[in-house]
Amino acid sequence: MNKEQPSKDLIPEKISKIVPILPLFDIILFPKMVLPLVVMQGESIKMIDEVMSKDRVLGFLAAKNLESKKNYKPEDLYTVGTTGTILKMAKNKDDVTQLIVQGLKRFKIKDFIEEKPYLRARVEIIKDKGGKDKETEALMTNILVLYNKIVKFSPDLPQTIGSVAKSIEDPGMLADMIASTINSTVEEKQKILEIHDVKERLKEATRLVNYQMEILEIGHKIQAQVKGKIDKKQREYYLRQQLEAIKKELGEQEEPDLEVEEYRKEIEAKKLPQEAQKEAERELNRLSRMHPDTSEYMVASTYLDWIISLPWNKSTKDTLNLKKARKILNEDHFGLEKVKQRIIEYLAVRKLKPDSKGPILCFAGPPGTGKTSLGRSIAKALGRKFFRISLGGVKDEAEIRGHRRTYVGALPGRIIQAIRRVESNNPVFMLDEIDKIGSDFRGDPSAALLEVLDPEQNHSFSDHYLDVPFDLSKVMFIMTANILDTIPPALQDRMEVLKLLGYTEDEKIKIATRYLIPRQRKAHGLKKDQISFTKGTVKRIISGYTREAGLRNLEREIEAICRGVASKIVEGEIDSTTIKVINVSKYLGPIRFDTQVKTRALTPGLAIGLAWTQTGGDILFVEATAMKGRKGLILTGQLGDVMKESATAALSYIRANAPSLGIPEDFFESHDIHIHVPAGAIPKDGPSAGVTMLTSLVSLLTKQTPQNDLAMTGEITLRGDVLPVGGIKEKVLAAHRAGIKTIILPQWNKKDLEGIPKKVQKTIKFHFVNKMMDVLKIALLKAP
């Protein structure tokens, strides 16, 4: 390209009446304006070569149709155009000519004299009409103000162009300059080009500028609003788009369906059940149509991850060696023969019938009796994976069934989550503290467990998140509970309840010696020769420092002693020690519990009963006294309604049978009776203290002392019958711990002694009665 600056010699003084015509596509050349052009047509290039050797002047006409053509005819072009001179020309290797042209004057076509090889026409130069007056100056000032605003809002216009426009004094030239630079259509610019009157041209240019100004202001307002509303996700989306573009430039672009294909391969390899396969394929088809940056894509991919990761057909092989399983159970737990036998029976059935369903067991008993640890031992004996799910305080049904996928952050319930973690469809699941499940406005989890724990339904358990059946029939469910009263009857009906009683003193001694002491010795870094316990010491800890059916407090006391010994060894006071009865108090302090049966001398009006609590059994003292009054009955000790009714029934029975009991009939006319059950801070209720209250009252009124070391339990009627009660096993063990030697029980409860250790039964004498008179004959030293 010629790099010389354009000189005035390039601008002809007089323009010929016949000029070659160069058609313009999608652009208008105005007088005095400079415009770059690219010419590719061969005929046009030939024309340019010819004019370059002459006066360099061409006529420029805009095409009416916006579609580019190789050859233009006269009817394809407007009739008003601009003459212009070629300031610079350059050609490249591809025979493409680049021009810089400057408009000269408006012209109008009179007629075309040639079409081949290029257009040539006879033209008439158009002169501007009108001069500069006040109205014209006002129009010029107004349009300049508007134009400066357009320059401000238009980033593609140089900011200095406003100053250039301000320096133009010719009104026609100003209108042409502004019309050539604003963003308007070819038709609108051609209209301005065809206006001869300067004032009208300024008005039309002002109209275009106003219109363009409104568009820019609206666009600026929209841009500001949109910019303010762009949130984090949108910014991430734009950044990801840029990142993808960068990866594409670097040749690192991944195939869009690569992840979908991986999912498809994994689904095929998994061999899912029919319904799960159908749902997975449907979700996969949805995923293939989504953009990876959308939130729905993440929801669908997370769902497919769950479907693929579940062990639909993966199981662990059961250990069906009964001797090995029994050995494992015996190594981990002492006693609990009934539970161990039930597991052995299950293994035997599995050996004979491999496709048998898993049992649904419920271990019910006081805290610390080994319910939770027993579940872990069962899994070990079976050779299965073990998972514990704590249900204490759970109130949301979705914890069991999961959330539906319509919710943000939805997940399957705990059952399916646990199945995924253990990576097996036949684990041992322990649902701990099932008696402590709650319910609120979010649903009732115990109702959701009905399907989980029903062998007839759990082969097609439906989690809300998965929305396809999952087979839980191979899972061995074990529940634990302290009490059964709070478990809904429908849920209880689905469970095989195995009651774990509290341990006897001898059992606790053996368990402490075999399990607890070695475990605490190891936990505190002590060796066997550094600390040892005598049998008498363990017995003293059990009887003097704990009062429980289980073993938790016993282990805590042993732990306290081990800590004390470890401290003394580290400080260099001792190298080793044997914990004896006489020095237990050095580590644990004074004795906390003593047998009240021994410390409290029995007198008329005092009887010992047996009670059942959530932590096992306990003994219960019932005191009665009489005072001057008028037939009143006072009951204290935080007694419940049922227990109060038992006291009233006992008094009514005594008043009705006063002569046969040796009680003066007029005694009640002048006396009040007061019955008190100690430990007044503890609420008490139930009918089983009826016989104890009646015995206490008869002992008081006949002044006969009950036998020592004797306790009783049973409900009474107004006819003097003794009715059966519950919790016999726990009550008998509590009596044994307290040193009771004789127990009076209802005849109907004789069957409940089964399961109580034989050693306990040998140390206690049992009396089974049907009538209250039989109770009095046994309990009182001198029968009435």
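Biologist: Where does Asn 749 lie?

Modeller: Asn 749 sits in the loop between β23 (742-746) and α27 (758-763). Helices (H or I, at least four residues) and strands (E, at least two) are DSSP runs, numbered from the N terminus. You are looking at a predicted model, where local features need pLDDT of at least 70, side-chain atom pairs count only at pLDDT 80 or more, and totals for chains, interfaces and linings use all residues. Residues are numbered from 1 along each chain as its sequence is written, and side-chain values use heavy atoms, with hydrogens and water left out.

Biologist: Why does Asn 749 count as buried?

Modeller: Its relative accessibility is 2%. Buried means under 20% relative accessible area, exposed over 50%, and partly exposed in between (1.4 Å probe, protein chains only). So Asn 749 counts as buried.

Biologist: What makes the link between the side chains of Asn 749 and Asp 752 a polar contact?

Modeller: The distance is 2.8 Å. A polar contact is a pair of N or O atoms within 3.5 Å; within protein, one must be able to donate a hydrogen and the other to accept it, and residues adjacent in sequence count only if both atoms are side-chain atoms. Asn 749 and Asp 752 therefore make a polar contact through their side chains.

Biologist: Which residues does Asn 749 touch, not counting those up to four places away in sequence?

Modeller: Pro 724, Val 725 and Ile 728. Contact here means heavy atoms within 4.5 Å.

Biologist: Now to a helix! How do you know that α13 has close to its expected span?

Modeller: Helix α13 (residues 371-382) has 12 residues and reaches 17 Å from its first C-alpha to its last. The expected span is 1.5 Å times one less than the number of residues. That rule gives 16 Å for α13, so the 17 Å reach is close to it.

Biologist: What covers the buried residues of α13?

Modeller: The cover includes α11 (322-332), α12 (337-352), β7 (360-364), β8 (386-390), β9 (428-432) and β12 (476-481). Among the buried residues of α13 are Leu 374, Ile 378 and Leu 382. Just after the helix, Gly 383 takes a positive phi of about 75 degrees.

Biologist: What makes β12 mostly covered?

Modeller: 6 of its 6 residues are buried. In a regular strand the side chains alternate between the two faces of the sheet. In β12, Met 476, Ile 478 and Thr 480 are buried on one side, and Phe 477, Met 479 and Ala 481 are buried on the other.

Biologist: How do you know that β12 pairs with β7 and β9?

Modeller: Two strands pair if DSSP finds at least two bridges between them. β7 runs parallel to β12 with 5 bridges, and β9 is also parallel to β12, with 4 bridges. Both counts meet the rule, so both are pairs. Cys 362 has Met 479 of β12 as its bridge partner, while Met 430 has Ile 478.

Biologist: What is the phi of Asp 467?

Modeller: Phi of Asp 467 is near 65 degrees, a positive value in a residue other than glycine. Asp 467 lies in the loop between β10 (461-462) and β11 (469-470). With a relative accessible area of 47%, Asp 467 is partly exposed too.
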